[in-house]
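Open your viewer and get the selection tool ready.

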Amino acid sequence: MRLHDKRALVTGGSDGIGLAIAESFSREGADVLIVGRDTRKLDAAARQLGGNVETLSADLATGAGIEAVAGHVKNCARPLDILVNNAGVAFLVPFETVSEEQFQQSFALNVTAVFFLTQALLPHLAAGASVINISSYFANKMIPKRPSSLYSLSKGAVNSLTKSLAFELGPRGIRVNAIAPGTVDTAMRRRTVDYLPAEAKAALSAYVERSYPLGRIGRPDDLAGIAVYLASDEATWTSGGIFTIDGGYTAG
Ligand SMILES: NC(=O)c1ccc[n+]([C@@H]2O[C@H](COP(=O)([O-])OP(=O)(O)OC[C@H]3O[C@@H](n4cnc5c(N)ncnc54)[C@H](OP(=O)(O)O)[C@@H]3O)[C@@H](O)[C@H]2O)c1
């Protein structure tokens, strides 16, 4: 098992990409703590994942939520070997209509939580720990008629933080990388598509079919392999990377 004896925290580990990553970590022998807000989703995920999984309900878009997670980890007997900053929110709304509230919510979870949770957990990261931030292709590549200024800005910030932290934390033996997925079929993706009029939905599907060289969007477990690699001792000289996992979409 590639993550035997390691201890991992996955934010947003109760659904979508985070759940698939938590599941793969657990399969590879890690003890996994998953964090989300909804306790029913957390319980369902824990049942799905089995024995070596612990859950914690916290809203990471708040300072109190970040403190609660850091406090929990501090009280654990062992330090963390793996931190996955995965929880995120996507408002795909036209630039001219973005409200200050949407801006604040987006940054609170996608940027502030990644920054300050990692900072708060720093004293509890083991030597050789791996931090994995979940970014998005939207940091660099857009989709016609999918207004992404706010989301793209937040994920661009995640990429910059990943690279700068790799430099700052490297001397402590901590590796920091990001995974930039293409479109993945999750609740988040469905939320950003469901409200579209039928015509726009059909146009988006046709665009996706044309644009993904491998002919499909991703499934959450398409991201699991790279996450296990980055978390494992196979990646001890891998830091500061933004790993594109997108079925070839951004190659075009
Ligand atoms: N799906 C895609 O197409 C796609 C593409 C590129 C990048 N990404 C990125 O991948 C990451 C995961 O996305 P996903 O599609 O898997 O999302 P998802 O299916 O909506 O799952 C989000 C997870 O985060 C948790 N969460 C949401 N808000 C939270 C908060 N304030 N505090 C704590 N936990 C919170 C959710 O649980 P609760 O709701 O119970 O809190 C859930 O476990 C995000 O960073 C996203 O930006 C997604």
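Begin with the ligand and its shell: helix 1, helix 5 and helix 6 each supply at least two residues (helices are DSSP runs of H or I with at least four residues, strands are runs of E with at least two, and both are numbered from the N terminus). Helix 6 gives the largest share of this shell, three residues.

Before you select more, note that this is a predicted model, in which local features need pLDDT of at least 70 and side-chain atom pairs count only at pLDDT 80 or more, while totals for chains, interfaces and linings use all residues. Residues are numbered from 1 along each chain as its sequence is written, and side-chain values use heavy atoms, with hydrogens and water left out.

**Stop 1: the ligand**

Select the 30 residues around the ligand; S14, R37, N86, Y151 and T186 come nearest (a residue is near if one of its heavy atoms lies within 4 Å). By type, the shell holds twelve nonpolar, eleven polar and seven charged residues (Ala, Val, Leu, Ile, Met, Phe, Trp, Tyr, Cys and Pro count as nonpolar, Asp, Glu, Lys and Arg as charged, and the others, Gly among them, as polar).

Next, show distances for the polar contacts (pairs of N or O atoms within 3.5 Å; within protein, one must be able to donate a hydrogen and the other to accept it, and residues adjacent in sequence count only if both atoms are side-chain atoms). At T186, a side-chain N or O atom is 2.5 Å from an oxygen atom of the ligand. At D59, a side-chain N or O atom lies 2.8 Å from a ligand nitrogen. At I17, a polar backbone atom is 2.8 Å from a ligand oxygen. On its own the ligand has 890 Å² of accessible area, and the protein covers 95% of that (Shrake-Rupley method, 1.4 Å probe; for residues, only the protein chains shown count as cover).

**Stop 2: the largest pocket**

Of its 45 lining residues, A87, G88, V89, M188 and R191 lie nearest the centre. Helix 6 gives the largest share of the lining, five residues.

**Stop 3: the second largest pocket**

Select P144, K145, R146, L196, A200, A203, L204 and Y207, which line the second largest pocket. About 170 Å³ of space lies there, and the lining has six nonpolar, no polar and two charged residues.

**Stop 4: the cavity**

Finish with the largest cavity, of about 50 Å³. Select T11, L60, N85, N86, A87, L109, A113, V114 and L117 to see its lining. Helix 4 gives the most to this lining, four residues.

Methods
1 Å grid on protein atoms, 1.4 Å probe; cavity = no way out; pocket = protein on both sides within 12 Å on 5 of 7 lines; lining within 4 Å. Points joined across faces, edges and corners; volume = space filled by probe spheres on them.
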